[in-house]
Amino acid sequence: MSKQLPVPDGLAGERVDAGLARLLGLSRTRAAELAAAGKVVLDGVTVGKSDRLLPGAWLEVDLDEARVEQAPPEPVPGMRIVHEDEEIVVVDKPVGVAAHASPGWSGPTVVGALAAAGFRVASSGPAERQGIVHRLDAGTSGLMVVAKSERAYVVLKRAFKERTVEKVYHAVVQGHPEPTVGTIDAPIGRHPSADFKFAVTADGKPSVTHYEVLEMFPAASLVEVHLETGRTHQIRVHFAALRHPLAGDTMYGADPTLAARLGLQRQWLHAMRLAFDHPGSGERIELSSSYPEDLQSALERLGDPR
């Protein structure tokens, strides 16, 4: 299958691999592989992964080997419907569930779980992530809104872009951040040596995280986080850059000994609250979630000096 389309103005100047990843929902590694195999053509000329996309240029991509395998819809135990109407559905996503299918992911997804439960979602977006207007990492639990109508998809995508959606997380970070209330304003881009990770980089995208320490323990702190931007792994990367990585987040430098003591198999991070204007009525919707069992247990162990 070949995909042919003009380069959107918003991707002009992007590297081919980065632009394809954003445009087609591929991993950047997979996009680079396609370019290396000569499967990406810009205005009739085959381009490499580090070439730049030109505004309005005609892009042709051979996707025969890049299709995302669609797993059959399956229910997800523990995924709770928090709110549902004719426009949207809000879920409380458990850990170990991706927002949507992607290359290399064979586990459960929010999209698949909703389909298995009989929900019809917006058809906008790539087939494997229809209705998805924002994402949570598979290793992060909490609230996610999915668009059911085409109107909701358009309105919510704009709301996330314009930062009118309030996203509040709770996290446990190692040590005691100083100051106890602050803002982390540092650009985030691909990690220079590990494609699956992100890092604070000089040429990264603007990224802003606001935080407040809620409680301090001997080895760590419980913090409330408000995201102003929504970069991949943003909270994890920003606190790692402060040398206060999230407890359990060994990918970003967390102490594995502390993770083992707390019984953590993932980063201590939960999407606690979500607030946005309803795409149909305009009414402000505010929803909240409680800590899942693994995070609650780890928090109790932090407070136990034994």
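Two residues are in contact here when their heavy atoms come within 4.5 Å. Keep in mind that what you're looking at is a predicted model.

**View 1. Met 272 and the residues around it.** Met 272 sits in strand E14, which covers residues 269-277. With a relative accessible area of 11%, Met 272 is buried. If we skip its neighbours within four places in sequence, Met 272 is in contact with Leu 143, Val 168, Tyr 169, His 170, Leu 287, Ser 288, Ser 289 and Tyr 291. Take Tyr 291 from that list: it is 19 residues from Met 272 in sequence, and the two C-alpha atoms are 7.8 Å apart in space.

**View 2. The largest nonpolar core.** This core has 28 residues, and those with the most contacts inside it are Val 110, Met 144, Tyr 169, Val 225, Ile 235 and Phe 239. At least two residues each come from E6, H3, E7, strand E8 (166-174), strand E12 (208-216), strand E13 (220-227), H5 and E14. Which of them gives the most to this core? That would be H3, with four residues. Now zoom in on Met 144: leaving out residues up to four places away in sequence, Met 144 touches Val 89, Val 90, Val 91, Lys 93, Ala 99, Val 110, Ile 132, His 134, Leu 136 and Leu 274.

**View 3. Two aromatic pairs.** The structure holds two aromatic pairs. One of them joins Tyr 211 and Phe 239 edge-to-face, at 5.6 Å centre to centre and with 70° between the planes. This pair links distant parts of the chain, with Tyr 211 in strand E12 and Phe 239 in helix H5, 28 residues apart. Trp 268 lies in the loop between helix H6 (256-262) and E14, while Tyr 291 lies in the loop between strand E15 (284-288) and helix H7 (293-302), so the pair ties together parts that are 23 residues apart in sequence. Trp 268 is buried, at 1% relative accessible area.

**View 4. A salt bridge between Glu 87 and Arg 151.** The structure holds 11 salt bridges, and here the side chains of Glu 87 and Arg 151 meet in one, at 2.2 Å from N to O. Glu 87 is in the loop between strand E5 (80-84) and strand E6 (88-93), and Arg 151 is in helix H4 (residues 150-161), so the pair ties together parts that are 64 residues apart in sequence.

View 5. Asp 137 forms a salt bridge with Arg 236, and their closest N and O atoms are 3.2 Å apart. Asp 137 lies in the loop between helix H3 (110-116) and strand E7 (141-147), and Arg 236 lies in helix H5 (residues 234-241), so the two tie together parts that are 99 residues apart in sequence. Asp 137 is partly exposed, with a relative accessible area of 21%, but Arg 236 is buried, at 7%.

**View 6. Asp 51 and the stretch around Arg 15.** Asp 51 is found in the loop between strand E3 (45-46) and strand E4 (58-62), where it is partly exposed, at 35% relative accessible area. Apart from residues up to four places away in sequence, Asp 51 touches Glu 14, Arg 15 and Val 16. Val 16 is 35 residues away along the chain, with 5.7 Å separating its C-alpha atom from that of Asp 51. The side chain of Asp 51 also reaches the backbone nitrogen of Gly 48, at 2.7 Å. As for Arg 15, its side chain meets that of Asp 17 in a salt bridge (2.9 Å, N to O). Arg 15 counts as partly exposed, at 24% relative accessibility, while Asp 17 is buried, at 4%.

Key. Residues are numbered from 1 along each chain as its sequence is written. This is a predicted model: local features need pLDDT of at least 70, side-chain atom pairs count only at pLDDT 80 or more; totals for chains, interfaces and linings use all residues. Side-chain values use heavy atoms; hydrogens and water are left out. Buried means under 20% relative accessible area, exposed over 50%, partly exposed in between (1.4 Å probe, protein chains only). A salt bridge is a side-chain nitrogen of Lys or Arg within 4 Å of a carboxyl oxygen of Asp or Glu. A nonpolar core is a set of buried Ala, Val, Leu, Ile, Met, Phe, Trp, Tyr and Cys residues joined through side-chain atoms within 4.5 Å. A polar contact is a pair of N or O atoms within 3.5 Å; within protein, one must be able to donate a hydrogen and the other to accept it, and residues adjacent in sequence count only if both atoms are side-chain atoms. Rings of Phe, Tyr and Trp (its six-membered ring) pair if their centres lie within 6.5 Å; planes under 30 degrees apart count as stacked, over 60 as edge-to-face and the rest as tilted.
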